[in-house]
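Biologist: I'd like to learn how to read strands, sheets and cores in a model. Could you walk me through one?

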Amino acid sequence: MKKLSLRARVLTGAVAAAALGAGTFGAMSANASTPAAAPAAAVAADTANRNLQQTTHLTVAAATKAAQATLDAAEKENQRVSVAVVDRNGNTVVTLRGDGAGPQSYESAVKKAYTAVSWNAPTSELAKRLEQAPNLKDIPGTLFLAGGAPVQVKGAPVAGIGVAGAPSGDLDEKFAKAGVATLAK
């Protein structure tokens, strides 16, 4: 094979780049002028379709409102807490760390909220279940201490509110329930 000169290699590279660019431009132009076709396997968003399930989710605005109401309830009693609101899937939507709240309170609040929504029950009740099933505490991301409360719609969990940092779990849970009550208004 004959070795090409530097000039020939540069020229060949430029031609290849121009051809590639023209092909990309042509493909882009063709796509821009052709209306997008609907996917062949699209499922109609029909509630009669048994393959779909309609769910209720807490909005960011509602989660923020609940978290702030929770923090306000704690501040009225001079408690320094962190608050977490998670969605039905346990994903954190909002967290607020109150002034002076301990560094451990942030993570504990998230775990309490996750635990409450996962079992659709206040974490104080779930802590009592550990006597019969001590392995529950080994489930990752959970914390079986009072301070978490589920947010329910028609009995089904849609979110969880967790509070940590007060001197007792009972106070944490009282504040979490204040956040839940705000959403009912």
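**Strands, sheet and core**

Modeller: Gladly. This is a predicted model.

Biologist: How many bridges join S3 to S4?

Modeller: Strands of a sheet pair through backbone hydrogen bonds, in a parallel or an antiparallel way. Here 6 bridges join S3 to S4, and the two run antiparallel. Their hairpin has 2 residues between the strands, and Lys-154 there takes a positive phi near 55°.

Biologist: In what order do the 4 strands form the open sheet?

Modeller: The order is S2-S1-S4-S3, with antiparallel pairing. S2 (92-97) and S3 each have a single partner strand, so one side of each lacks a neighbour in the sheet. On average, neighbouring strands are turned by 15° against each other, direction ignored.

Biologist: Which helix lies across S1, S2, S3 and S4?

Modeller: That is helix H3 (residues 103-119), which runs at about 160° to S4.

Biologist: Now the inside. Which residues touch the most other members of the largest nonpolar core?

Modeller: Among its 21 residues, those are Leu-58, Val-81, Val-83, Val-85, Ile-161, Val-163 and Phe-175. Helices H2 (60-76) and H5 (169-183) each supply at least two residues of this core, as do strands S1 (82-87), S3 (148-153) and S4 (156-164). H2 gives the most, with 7 residues.

Biologist: And what does Phe-175 touch?

Modeller: Leaving aside residues up to four places away in sequence, Phe-175 touches Thr-70, Ala-73, Ala-74, Glu-77, Gln-79, Val-163 and Ala-166. There is also a second, separate core of 6 residues, including Ala-84, Val-86, Ala-109 and Ala-113.

How values were computed
Residues are numbered from 1 along each chain as its sequence is written. This is a predicted model: local features need pLDDT of at least 70, side-chain atom pairs count only at pLDDT 80 or more; totals for chains, interfaces and linings use all residues. Side-chain values use heavy atoms; hydrogens and water are left out. A nonpolar core is a set of buried Ala, Val, Leu, Ile, Met, Phe, Trp, Tyr and Cys residues joined through side-chain atoms within 4.5 Å. Buried means under 20% relative accessible area, exposed over 50%, partly exposed in between (1.4 Å probe, protein chains only). Contact means heavy atoms within 4.5 Å. Two strands pair if DSSP finds at least two bridges between them. Axes are lines fitted to C-alpha atoms, for helices over the stretch in contact, and angles run from 0 to 180 degrees between N-to-C directions.
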